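Hello,

Here is the structure I promised to pass on.

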Amino acid sequence: MAWDFETDPEFQKKLDWIEDFMREEVEPLSHLGMAVHGPLGREKFIKPLQQKVKDQGLWACHLGPELGGQGFGQLKLGLMNEKLGRNGLAPTVFGCQAPDTGNAEIIAHYGTEKQKEQYLWPLLNGDIRSAFSMSEPTGGSDPLTFKTRAVLDGNEWVINGEKWFSTNARYSKVLVLYAITDPDAKDPYRRTSIFLVPTDTPGVEIIRNVAVGGGGEIGGGTEGYIRYNNVRVPYDALLGDRGAAFVIAQVRLGGGRVHHAMRTVGSCKHALDLMCQRAASRNTRDGKLADLQMVQADIADSWIALESFRLLVLRTAWLIDKHKDYNLVRKDIAAIKVMMPKVYNDIATKAAHLHGALGVSNEMPFMHMVTSSLVMGIADGPTEVHKVTLAKQVMKDYQPDNDLFPKYHIPRLREEAHEKYADELSDLKKDYEKLRGARETEKA
């Protein structure tokens, strides 16, 4: 039996390096604004840090060695992501940023050699960005409501439709697009296919870019609202088998949900650290905030929620490493997806409240955290869908009982117990009768 809550010393050295690197070199960059994000800024600031990560053997650790990753597995990746999750730039610096990680994963699994050469290796090297173009304005992420169509015309696919919240579309070189190819297929989950569409293909129109959260200029975000106007791509733009989009999506989204949760652990820990630092530092007329019982209750509740969430995430990562199959861990993945937005929102809200007016200003990170927690309840499937998945998986272990009263009805259990131990109860009764007779004899 193996049961351990310790990190092996060699990997702990890697985690210690990440901690120092994050504090000294990654986190300061997040205060430089857009200077970091343009092409020249990426060359000047991001590329040198990416090289340092590669030199440490920590680049793209979500991938196996055959794809340039380290093959650490999900559990070690979870411990790493706890540190990366406290800063938005970190995933890019470490080569594990969404949506590129998931897109690279499915291209690696299902792409042709030509597709890998054109998209996979540049993605893994951080030379290009990609977008996941699945959700639609009419029905969100439900594949049974998709309207975008790809019709075969000779040796080309002609694509028409609209896509909503295609993350990073404005910066992407390739769009991983979901489109209906077989509308009459008997199995509704075999009607959709995936295409790799270069973003500069004629007919690809980014209607506008949508930002997450309040404030900012309309059209200034990174979530692309895209219209496909008679977009023509060759037949071999198809990724994987025709009609296999739903199967491929589960491979991609399973890992994506776990990685979101891993990074959210880090975000929650960051919010809790700031909350405790404020409590230890802020004085009121009655003493420090940390001395007030209501504050202590918030800190205790936040710590318990974070540690519970963290353990569930790490256990899920361990199960993935054990089974090597996301489908066998669906219940656990759904559970952490449900737990994630609530824990994050609760801790971030408490941290903001403890900072007073400063906490709800744009001079602190908490309002961004609260917005991010709401995003985590929607990204890769809404919370309600995952609750349904979780409940269905749990219910597989239970069979119906059609009696008038259930098997666990106490009168029934009592009757069964009496039948099971009838001989013992009979002997016990006789023993008590003998004991009573003996006592009566003594009294006489």
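**Around helix H5**

Start at Pro-99, which sits in the loop between helix H4 (90-93) and H5. Helices here are DSSP runs (H or I) of at least four residues, strands are E runs of at least two, and both are numbered from the N terminus. The model is predicted, so local features need pLDDT of at least 70 and side-chain atom pairs count only at pLDDT 80 or more, while totals for chains, interfaces and linings use all residues. Residues are numbered from 1 along each chain as its sequence is written, and side-chain values use heavy atoms, with hydrogens and water left out.

The peptide bond from Ala-98 to Pro-99 is cis. Its omega is near -5°. Most peptide bonds are trans.

Helix H5 itself covers residues 100-110. Nine of its 11 residues are buried. Buried means under 20% relative accessible area, exposed means over 50%, and partly exposed is in between (1.4 Å probe, protein chains only). The buried set includes Asp-100 and Glu-105, along with Ile-106 and Ile-107. What do the buried residues of H5 pack against? Their partners are helices H6 (113-124) and H7 (245-281), and strands E1 (130-133), E4 (174-180), E5 and E8 (238-239). Contact here means heavy atoms within 4.5 Å.

**Positive phi**

Most residues other than glycine have a negative phi. Two residues are worth a look on this point.

- Ala-60 has a positive phi of about 50°. Ala-60 lies in the loop between helix H2 (39-55) and helix H3 (74-84). Ala-60 is buried, at 1% relative accessible area.
- Phe-165 has phi near 60°, also positive in a residue other than glycine. Phe-165 belongs to strand E3 (residues 156-167). With a relative accessible area of 32%, Phe-165 is partly exposed.

Is Lys-163 buried or exposed? Lys-163 is buried, because its relative accessible area is 0%.

Thr-201 is in the loop that joins strand E5 (192-198) to strand E6 (204-210). Thr-201 counts as buried, at 10% relative accessibility. Beyond its neighbours within four places in sequence, Thr-201 is in contact with Val-231 and Arg-232.

Lys-387 lies in helix H12 (residues 383-395). At 49% relative accessibility, Lys-387 is partly exposed. Lys-387 and Ile-194 are 193 residues apart in sequence, and their C-alpha atoms are 27 Å apart.

Asn-283 is in strand E9 (residues 283-284). Asn-283 is exposed, at 52% relative accessible area. From Asn-283 to Lys-13 the C-alpha separation is 38 Å, over 270 residues of chain.

**Annotated domains**

UniProt positions follow the numbering used here, feature names are shortened, and annotations may be inferred rather than shown by experiment.

- The entry lists "domain: Acyl-CoA oxidase/dehydrogenase middle" at residues 131-208. This stretch is 50% strand and 0% helix. Its end C-alpha atoms are 15 Å apart.
- The entry lists "domain: Acyl-CoA dehydrogenase/oxidase C-terminal" at residues 247-394. Here the chain is 80% helix and 3% strand. The end C-alpha atoms are 22 Å apart.

**The whole chain**

The protein chain has 14 helices and 10 strands. Buried residues make up 42% of its 444 residues. Its radius of gyration is 28 Å, whereas a compact globule of 444 residues would be near 22 Å. The radius is taken over C-alpha atoms, and the globule rule is 2.2 Å times the number of residues to the power 0.38. Along the principal axes, the C-alpha atoms fill a box of roughly 110 × 70 × 40 Å.

Among contacts with a separation of 6 or more, 69% link residues 24 or more positions apart.

Best wishes
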